[in-house]
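Student: Hi! Could you walk me through this one? I'd like to go over it bit by bit.
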Amino acid sequence: MTASSASGGSRRSEADATGFTASPQLTQALQQIVVDLVELHLQGKQAHWNVVGHNFRDLHLQLDEIVDDAREAADTIAERMRALAGCPDGRTDTVAATTTLPAFPEGEQSVSAVVDLVTARLRATVDTLRTRHDQVDSEDPSTADLLHAIIDSLEKHAWMVSAENRSG
């Protein structure tokens, strides 16, 4: 007697163990999230390189934390897409053509301008995550759990960065 038959179950065949595959809609939702996270990473690096002014060093270092978190989140979602038989597209032409984030200005930017610019991009990325969340959750709650963690992280960054321009 096997453990399976003792509990009333029956063995599956290999053909029955196909795993979960994302629908085209889920893949599309996750693709948009990947694109915006990649763009957040790139824009964060642009800000990091070109921020100037009072408190430059603190913001410069804080931007590296945001960049690292955005890059890691993009990788997490892209790898989740692969686990669900989707193909993420993070090519620069795809990112530039499909991101929902506003363009980042070129050249040097003051600390206060970068605070506002980066806060807006963090919030825009969170908006993409929140907009796609319910669709993702209805098809794959496990992936939605990943989105929760990313939303939490990016909202915390937005709060911490935006506090630089606030007065008590």
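Tutor: Happy to! Keep in mind that this is a predicted model. Let's start with Cys-87: leaving out residues up to four places away in sequence, Cys-87 touches Gln-31, Met-81 and Arg-82.

Student: Where is Cys-87 found?
Tutor: Cys-87 sits in the loop between α3 and α4, and α4 covers residues 92–98.

Student: And does Cys-87 count as buried or exposed?
Tutor: Exposed, because its relative accessibility is 56% and the cut-off for exposed is over 50%.

Student: How many residues apart are Cys-87 and Ser-142 in sequence, and what about in space?
Tutor: They are 55 residues apart in sequence, and their C-alpha atoms are 18 Å apart in space.

Student: OK, new topic: helices. What's the angle between α3 and α6?
Tutor: Helix α3 (residues 56–83) and helix α6 (residues 141–162) pack at about 170°, and their axes are 11 Å apart. An angle over 145 degrees counts as roughly antiparallel, so α3 is roughly antiparallel to α6. The crossing of α3 past α6 is left-handed.

Student: Which residues of α3 and α6 make the contact?
Tutor: From α3 they include Gln-62, Ile-66, Asp-69 and Ile-77, and from α6 they include Ser-142, Leu-146, Ile-150 and His-157. By class, the contact of α3 with α6 has 8 nonpolar, 6 polar and 3 charged residues.

Student: So what about α3 and α5, how do those axes cross?
Tutor: They cross at roughly 20° and come within 11 Å. Angles under 35 degrees count as roughly parallel, so α3 is roughly parallel to α5. α3 passes α5 in a left-handed crossing.

Student: Which residues make that contact between α3 and α5?
Tutor: α3 brings Phe-56, Leu-59, Leu-63 and Ile-66, while α5 brings Val-111, Val-114, Val-115, Val-118 and Leu-122. The contact of α3 with α5 has 9 nonpolar residues, with no polar and no charged ones.

Student: Last topic! How many residues are in the largest nonpolar core?
Tutor: It has 42, and those with the most contacts inside it are Leu-37, Leu-63, Ile-77, Val-118, Leu-122 and Leu-154. At least two residues of this core come from each of α2 (24–50), α3, α5 (111–139) and α6.

Student: Leu-122 again! What is Leu-122 in contact with?
Tutor: Setting aside neighbours within four places in sequence, Leu-122 contacts Leu-40, Ile-66, Leu-154, His-157, Ala-158 and Val-161.

Notes:
Residues numbered from 1 in each chain as written. Predicted model: local features only at pLDDT ≥ 70, side-chain atom pairs only at ≥ 80, totals over all residues. Heavy atoms only, no water. Axes fitted to C-alpha atoms, helices over the stretch in contact; angles between N-to-C directions. Helix = DSSP H or I, 4+ residues; strand = E, 2+ residues; numbered from the N terminus. Parallel < 35°, antiparallel > 145°, perpendicular 65-115°, else oblique. Left-handed = near helix turned anticlockwise from the far one by under 90°. Contact = heavy atoms within 4.5 Å. Nonpolar A, V, L, I, M, F, W, Y, C, P; charged D, E, K, R; others polar. Buried < 20%, exposed > 50% of the residue type's maximum accessible area, 1.4 Å probe, protein only. Core = buried A, V, L, I, M, F, W, Y, C linked by side-chain atoms within 4.5 Å.
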